[in-house]
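Please consult the sequence and the structure while reading.

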Amino acid sequence: MHRRPSLFKACVFVLAASSAVMGMAQAADSKLDSVLARGKLIVGTGSTNAPWHFQGADGKLQGFDIDIARMVAKGLFNDPNKVEFVVQSSDARIPNLLTDKVDMSCQFITVTASRAQQVAFTLPYYREGVGLLLPANSKYKEIEDLQAAGDSVTVAVLQNVYAEELVHQALPKAKVDQYDSVDLMYQAVNSGRADAAATDQSSVKYLMVQNPGRYRSPTYAWSPQTYACAVKRGDQDWLNFVNTTLHEAMTGVEFPTYAASFKQWFGVDLPSPAIGFPVEFK
């Protein structure tokens with residue numbers, strides 16, 4: 001009568017011990033441990049898209065994605081330079097993760113549900129949208145002025161099948177001129193052939209940083225999409241570490257570094273995170 005409970009307890013103990021051992025083994029196999037043992041972080045990124053990732057005059061990679069990667073390297077080694085960048089095409093961002101060629105991809109990856117079936121996304125570090133670039137002396141100030149002008153407004157946009165539809169989401173009556181390159185699109189604004197250019201808001205902000213006093217932009221933006229880094233699925237320790245690093249860069253001890261990068265590439269002074277009760281729990 002008394003042996004069965006004892007046997008049951010023994011089985012429970014064995015199962016619990018086995019689970020603990022498996023958990024320890026999984027933790028030991030984490031990418032976090034292998035990266036620390038290697039002594040450097042390997043990050044997949046691009047090299048041709050300012051202000052995200054591009055080569056500077058010295059040939060070295062720079063941009064907001066590059067800074068994000070360096071923040072993770074600093075979290076790992078207390079040294080933002082202990083990172084090796086693997087330049088990859090946009091269609092290699094996921095395959096290079098799946099084959100362990102890189103530890104993470106940080107290359108303005110738009111978060112989608114379908115991609116989340118292939119990789120694990122980190123906390124988002126930027127929210128992109130479509131913005132408008134106008135000459136500094138434009139008679140139009142805000143989106144309401146452009147909307148009120150109706151079809152007398154011409155908007156330049158990079159050529160694609162959704163270009164006209166995208167512009168008309170914000171300016172239903174505007175004329176839309178499509179161009180083969182972003183340079184031609186900006187030339188249309190500079191020459192007066194277009195009243196505004198519609199493009200990624202990050203590109204708008206960067207162009208304004210690079211050309212002080214030449215352009216302006218309405219505060220309105222639309223068509224939001226989220227940018228995040230990506231890691232291989234199935235490694236919660238590694239994902240947790242990268243998320244912790246990004247979270248504290250945007251809200252905690254490393255905020256000055258994140259804010260300085262944001263100011264450099266987008267010309268925006270970020271408000272300091274509120275002190276007191278964490279906003280995540282409000």
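## Packing of α3 and α10

Phe 64, Asp 67, Ile 68 and Met 71 of α3 are in contact with Thr 257, Tyr 258, Ser 261, Phe 262, Gln 264, Trp 265 and Phe 266 of α10, contact meaning heavy atoms within 4.5 Å. By class, the residues of this contact are seven nonpolar, three polar and one charged. Ala, Val, Leu, Ile, Met, Phe, Trp, Tyr, Cys and Pro count as nonpolar, Asp, Glu, Lys and Arg as charged, and the others, Gly among them, as polar. The model is predicted: local features need pLDDT of at least 70 and side-chain atom pairs count only at pLDDT 80 or more, while totals for chains, interfaces and linings use all residues. Residues are numbered from 1 along each chain as its sequence is written, and side-chain values use heavy atoms, with hydrogens and water left out.

The axes of α3 (residues 64–77) and α10 come within 10 Å and cross at roughly 170°. The two helices are therefore roughly antiparallel, a term for angles over 145 degrees. Axes are lines fitted to C-alpha atoms, for helices over the stretch in contact, and angles run from 0 to 180 degrees between N-to-C directions. Helices (H or I, at least four residues) and strands (E, at least two) are DSSP runs, numbered from the N terminus.

## The largest pocket

The largest pocket has a volume of about 790 Å³. Among its 28 lining residues, Leu 158, Val 182, Thr 199, Asp 200 and Ser 203 are the closest to the centre. A pocket is an open set of points on a 1 Å grid over the protein atoms alone, where a 1.4 Å probe fits, with protein on both sides within 12 Å along at least five of seven lines; lining residues have an atom within 4 Å of a point. Grid points are joined across faces, edges and corners, and the volume is the space filled by probe spheres set on them.

β12 gives the most to this lining, with four residues. Other elements that give two or more include β7 (119–135), α7 (182–191), β10 (196–200) and α8 (201–210). The lining consists of 17 nonpolar, eight polar and three charged residues.

Ile 42 lies in strand β1 (residues 41–45) and is buried at 12% relative accessible area. Ile 42 and Glu 84 are 42 residues apart in sequence and 4.8 Å apart in space, C-alpha to C-alpha. Beyond neighbours within four places in sequence, Ile 42 is in contact with Glu 84, Val 86, Lys 101, Val 102, Asp 103 and Met 104.

Met 250, in helix α9 (residues 236–251), is partly exposed at 21%. Not counting residues up to four places away in sequence, Met 250 touches Pro 124, Tyr 125, Phe 255, Tyr 258 and Pro 273.

## Backbone geometry

Most residues other than glycine have a negative phi, and most peptide bonds are trans. A cis peptide bond joins Ala 50 and Pro 51, with omega about 5°. Pro 51 sits in the loop between β2 (48–49) and β3.

Asp 100, not a glycine, has a positive phi of about 60°; Ser 223, also not a glycine, has a positive phi of about 55°. Asp 100 belongs to the loop between α4 (95–98) and β6 (104–110) and is partly exposed at 41%. Ser 223 is in strand β12 and is partly exposed at 31%.

Conventions. Parallel < 35°, antiparallel > 145°, perpendicular 65-115°, else oblique. Buried < 20%, exposed > 50% of the residue type's maximum accessible area, 1.4 Å probe, protein only.
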